[in-house]
Amino acid sequence: MRLKDLTLSLDGNAGVVEILKGISFDVGQGETLGLTGASGSGKSSLLMVMGGLERASSGLVCALNQDLTPMGEDGLARFRRDNMGVVFQSFHLIPTMTALENVALPLELAGEADAFERASVELEAVGLGARGDHYPSQMSGGEQQRVALARAVVARPKILLADEPTGNLDAATGELVMDLLFDLRDRFGATLILVTHSAELAARCDRVVQLRDGVVVSDSLSMAAQ
């Protein structure tokens with residue numbers, strides 16, 4: 001993935017607010033990148049732009065040799081469906097669907113005939129094979145996030161985006177979820193881009209980019225990669 005001179009400005013109550021200010025860096029295929037910084041530094045907004053969930057005000061976003069910048073909403077949705085998995089802090093499961101139905105949904109939308117069989121395999125991979133017929137309201141936060149992980153990887157994405165995936169979990173459950181996320185990345189060889197406040201979690205990444213006030217202030221290999 002390549003970002004070049006990326007800016008993002010949004011209209012606020014006090015006028016235009018500059019969120020991202022000329023971001024430029026590359027992410028190699030199969031690399032694990034941690035995005036860190038204080039609250040309000042722009043890291044979650046940057047992840048949203050990288051995933052085509054927020055449109056940049058200017059600059060270039062190139063993923064898998066495709067320029068996302070000129071794509072319309074339908075084109076971006078198809079690109080995400082075919083190439084990306086996204087995990088959010090707040091799970092974003094559909095409450096009226098079972099765990100199995102939530103995981104199968106991306107494959108169903110893509111017209112895959114074996115959607116439920118593949119969804120079942122991924123639920124097993126996150127230790128929830130026996131919970132496929134349970135609804136989100138019947139599951140703990142950690143279980144819901146594990147369902148969200150299974151959904152994110154069921155289509156074998158080339159790029160995984162995770163925005164504070166342990167932010168709503170206790171320490172022990174968060175560690176389990178992160179172990180699963182890294183294991184799933186290893187299974188598919190996906191590029192993983194991870195927003196986190198945790199120094200310990202960032203240290204597990206190959207590389208760490210730190211933002212401050214919408215600007216990259218450091219870009220270095222982590223201890224894990226040295």
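User: What is the strand order of the open sheet of six strands?

Analyst: The order is β6-β7-β8-β3-β9-β10, and the pairing is mixed. The model is a predicted one. As background, strands of a sheet pair through backbone hydrogen bonds, in either a parallel or an antiparallel sense.

User: Which strands stand at the edges?

Analyst: β6 (84-87) and β10 (215-221) do. Each has a single partner strand, so one side of each lacks a neighbour in the sheet. From one strand to the next, the twist averages 15°.

User: How do I read the pairing around β7? In which sense do β6 and β7 pair, parallel or antiparallel?

Analyst: Parallel, over four bridges. G85 has L160 of β7 as its bridge partner. Now take the β8 side. Strand β7 (residues 159-163) and strand β8 (residues 191-195) also run parallel, joined by five bridges. There L160 stands opposite L192, and L161 stands opposite I193.

User: How many residues of β7 are buried, and what lies on its two faces?

Analyst: Start with the general idea. Side chains in a regular strand alternate between the two faces of the sheet. In β7, I159, L161 and D163 are on one side, L160 and A162 on the other, and all are buried. That makes five of the five residues, so β7 is largely enclosed by the rest of the structure.

User: Which helix lies across β6 and β7?

Analyst: Helix α2 (residues 73-83) does, running at about 90° to β6.

User: How do I read a helix pair? At what angle do α3 and α5 pack?

Analyst: Two packed helices are described by the angle between their axes and the distance between those axes. Helix α3 (residues 99-109) and helix α5 (residues 141-153) pack at about 25°, with axes 7 Å apart. Angles under 35 degrees count as roughly parallel, and α3 and α5 are therefore roughly parallel to each other. Their crossing is right-handed.

User: Which residues make that contact?

Analyst: From α3, A99, N102, V103 and P106; from α5, V147, A150 and R151. By class, the contact has five nonpolar residues, one polar and one charged.

User: Now a single residue. Is L20 buried or exposed?

Analyst: L20 belongs to strand β2 (residues 15-26). Buried means under 20% relative accessible area. L20 has 2%, so L20 is buried.

User: What is L20 in contact with, leaving aside neighbours within four places in sequence?

Analyst: L6, T7, L8, G42, S45, L46, V49 and G214. For a sense of distance, take E143: L20 and E143 are 123 residues apart in sequence and 34 Å apart in space, C-alpha to C-alpha.

Definitions and conventions
Residues are numbered from 1 along each chain as its sequence is written. This is a predicted model: local features need pLDDT of at least 70, side-chain atom pairs count only at pLDDT 80 or more; totals for chains, interfaces and linings use all residues. Side-chain values use heavy atoms; hydrogens and water are left out. Axes are lines fitted to C-alpha atoms, for helices over the stretch in contact, and angles run from 0 to 180 degrees between N-to-C directions. Angles under 35 degrees count as roughly parallel, over 145 as roughly antiparallel, 65 to 115 as roughly perpendicular and the rest as oblique. A crossing is left-handed if the near helix is turned anticlockwise from the far one by less than a right angle, and right-handed if clockwise. Contact means heavy atoms within 4.5 Å. Ala, Val, Leu, Ile, Met, Phe, Trp, Tyr, Cys and Pro count as nonpolar, Asp, Glu, Lys and Arg as charged, and the others, Gly among them, as polar. Two strands pair if DSSP finds at least two bridges between them. Buried means under 20% relative accessible area, exposed over 50%, partly exposed in between (1.4 Å probe, protein chains only).
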